[in-house]
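Thank you all for coming, and please have the sequence and the coordinates open while I talk.

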Amino acid sequence: MSKKAPAGVSPCSTMDMLQFDMFPKPPAQPSPRAGDAPPLLASMASSERHALQVDEAGEVLVCGGSALQDEGETFVAHLGLGVEWGAPIAAPTPLAANPELGQAHAVAAGSLHSLILSQTGQVWSCGAGWEGPLGHGNEASLCVPTRIPALADVPISMIAAGRAHSLAISADGALYSWGWGKSGQLGHGDRASVHVPRRVEAIAPPLVALQVVAGDAHTVVLCGTGHVYTFGQALHGQCGHGACGCEGVAVPDQLTPRRVDALKHTRVVRVGAAADMTTAVTSSGGTFSWGHLPGCTGCVPLPTPAPAAGRAPLPRIASAGAVNDGCAVASHSPWERASCLRSAA
């Protein structure tokens, strides 16, 4: 019989009740040795415990596991290999060929769900369905990638995934969101979870979404104007609006997209997000970061110090469509983030 939840957790647990840190994390593993060359990839994404890669042929490879364990087995439906509970996958493993999906263009990774964007602009999902991040109108889990019907007639150019919410940008710059919404990370003006993709009305002409990224419970959107808009949980200052709870002050969540005014006179060309932090790169090459940063909490965008030699100041984006991971170490390269040794449970 297929398990529905790990021991001690109700099958109907919502994501805020299901605290992943109740499960022990694996010990840290060494990064690849200096000089090791990563495989040629078109796109990659990773959570804390699983990774997805798209190679140059458009094939998706997966590895890792999850924090959910029960009776000696691990929840692995988000790997898309046809198994809901089983053993973590230690080496990159290709998904079964799917003629309907065809070649993949990009991938995104939530804590317990995965998204795949095909080269034809269709979005596929698999993993845990709790709170609706799979976009199929229910909370059923899926252990093989399944196309999201609600987006079948909407050509999609980019995808992103937070802890348990999903996002997509259409070819004409419209933003869609679905999944867990307790902190307002869906941008619809409320805290409701949404089980099918829904357009974010606040991002509408003349605003055009160019890039979207997600932390655990906040969302960051780069618009064609070069301005950055954020929404969702703001407790750690990750929305960049000048308030955080670092001094015991109650900080309301941002329920609709709001421009980060500290950057309104700066043209941003790229954004990044992980856990409770946010980063931005400007057209002049400057970098800014805010939120729950290593050693401090920044409530507004602050210039990021120059990195040590050989390190990147920001999480490097391997593809315009693959922009999510659960690692908050800004100096880690994508290869370090997606390393199976770090992701396997």
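Predicted model: local features only at pLDDT ≥ 70, side-chain atom pairs only at ≥ 80, totals over all residues.

In the hairpin of strands S2 and S3, where four residues lie between the strands, Gly58 takes a positive phi near 85°. Residues are numbered from 1 along each chain as its sequence is written, and side-chain values use heavy atoms, with hydrogens and water left out.

His50, for instance, has Gly64 in S3 as its bridge partner. On its other pairing, S3 meets strand S7 (residues 89–94) in the antiparallel sense over three bridges, and here Gly64 has Ile89 in S7 as its bridge partner.

Is strand S3 mostly covered or mostly open? Strand S3 (residues 60–64) is mostly covered, with five of its five residues buried, where buried means under 20% relative accessible area, exposed means over 50%, and partly exposed is in between, using a 1.4 Å probe and protein chains only. Val60, Val62 and Gly64 point one way from S3, whereas Leu61 and Cys63 point the other way, and all of them are buried.

Let me turn to the chain as a whole. It holds two helices and 23 strands, and buried residues make up 53% of its 345 residues. The chain exposes about 14100 Å², of which carbon and sulfur atoms supply 56%; accessible areas come from the Shrake-Rupley method with a 1.4 Å probe, and for residues only the protein chains shown count as cover. If we take contacts, meaning heavy atoms within 4.5 Å, and consider those in the chain with a separation of 6 or more, residues 24 or more positions apart account for 54% of them.

Next, two of the open sheets. Strand S14 (residues 175–179) pairs with S15 in the antiparallel sense over three bridges, and Ser177 has Arg198 in S15 as its bridge partner.

The other open sheet is formed by three strands in the order S4-S5-S6, again with antiparallel pairing. At its edges stand strand S4 (69–70) and strand S6 (85–86), each with a single partner strand, so one side of each lacks a neighbour in the sheet. S4 and strand S5 (residues 73–75) pair over two bridges in the antiparallel sense, and the partner of Gln69 in S5 is Thr74.

I would also point to a few individual residues. His113 is found in strand S9 (residues 113–118) and is buried, at a relative accessible area of 1%. Its side chain is joined to that of Ser166 by a polar contact of 2.9 Å, a polar contact being a pair of N or O atoms within 3.5 Å, where within protein one must be able to donate a hydrogen and the other to accept it, and residues adjacent in sequence count only if both atoms are side-chain atoms.

Arg258, in strand S19 (residues 254–259), is partly exposed, with a relative accessible area of 39%. Leaving aside its neighbours within four places in sequence, Arg258 is in contact with Val228, Tyr229, Thr230 and His241.

Finally, how many disulfides does the structure hold? It holds zero, a disulfide being a pair of cysteine sulfur atoms within 2.5 Å. Cys143 is in no disulfide, and the nearest cysteine sulfur, that of Cys126, is 8.6 Å away.

Notes
Pairing = 2+ DSSP bridges.
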